[in-house]
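Keep the structure open as you read.

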Amino acid sequence: MDVGAGDGGYALHRARTEPTTFVIALDASPDALSDGAWRAKRARLENAAFLVESVECMPGELARVADEVTVHFPWGSLLRGLLAADPLVVVPIARLLKDDGELRVLLSATGRDGYADVAPESLGRIATEYAVLGLELQETRPATASDIAASRSSWAKRLGAPRPVVYARYSRCSSRRGLISEGISLGPQRIQSTWNRPS
């Protein structure tokens with residue numbers, strides 16, 4: 001599952017190159033995501049779905065569906081929530097993962113964006129907060145050029161170089177730990193799908 005999927009480029013790549021993998025692209029903006037849905041329809045990809053929804057309103061039906069969740073170059077409330085370890089953002093992402101699932105993140109933010117510069121140490125400092133919310137930090141480091149290229153992110157291309165990018169990998173915490181198992185209410189949940197049929 002690709003959260004904050006933008007135009008769905010990464011999800012489309014995974015669906016094309018891994019036909020036995022079912023890929024879900026989720027983004028709050030229907031404009032860019034509908035482009036990905038049209039491309040999936042034209043390519044007759046039946047192993048991809050495109051969902052228009054914000055992380056904060058993640059449908060409960062998606063709990064524990066994902067072996068892997070990716071977040072590549074988020075911005076807006078998704079970026080703010082990840083940098084602040086906001087439960088309204090981190091808990092829904094953690095809930096997507098199966099017990100042995102993994103979250104992989106590429107983050108880039110600088111003072112020019114209105115944030116403190118993101119570095120591996122920044123994510124290390126909030127690792128305890130993430131663990132309480134259901135995600136245990138496994139690795140954080142400067143992203144490599146191949147990490148960035150593999151994301152298929154058009155946003156990364158617009159950000160330009162040289163810009164610091166941080167890679168982080170998390171695993172889902174045991175159900176005995178963290179808020180993920182405590183049934184936090186995240187408010188009303190609804191789902192809109194473009195399911196290869198964009199409107």
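**From chain to core**

Of the 199 residues in the protein chain, 47% count as buried (under 20% relative accessible area, 1.4 Å probe, protein chains only). The model is predicted: local features need pLDDT of at least 70, side-chain atom pairs count only at pLDDT 80 or more, and totals for chains, interfaces and linings use all residues. Residues are numbered from 1 along each chain as its sequence is written, and side-chain values use heavy atoms, with hydrogens and water left out.

The chain holds eight helices and eight strands (DSSP runs, H or I of at least four residues and E of at least two, numbered from the N terminus). Take the contacts (heavy atoms within 4.5 Å) with a separation of 6 or more: residues 24 or more positions apart account for 81% of them.

Now go inside. A nonpolar core is a set of buried Ala, Val, Leu, Ile, Met, Phe, Trp, Tyr and Cys residues joined through side-chain atoms within 4.5 Å. The largest has 36 residues; Met1, Val3, Val69, Ile93 and Leu103 touch the most other members. Elements that each supply at least two residues include strand E4 (66–72), H3, H4 and strand E5 (97–107). H4 gives the largest share, six residues. A second, separate core has 13 residues, among them Leu12 and Phe50.

Finally, look at H3 (residues 76–83) and H4 (residues 87–96). Their axes lie 8 Å apart, at an angle of about 90°. H3 is therefore roughly perpendicular to H4 (65 to 115 degrees). Ser77, Leu78, Gly81 and Leu82 of H3 meet Val89, Val90 and Ile93 of H4. Leaving aside neighbours within four places in sequence, Ile93 also contacts Val69 and Leu103, among others.

Methods
Axes are lines fitted to C-alpha atoms, for helices over the stretch in contact, and angles run from 0 to 180 degrees between N-to-C directions. Angles under 35 degrees count as roughly parallel, over 145 as roughly antiparallel, 65 to 115 as roughly perpendicular and the rest as oblique. Buried means under 20% relative accessible area, exposed over 50%, partly exposed in between (1.4 Å probe, protein chains only).
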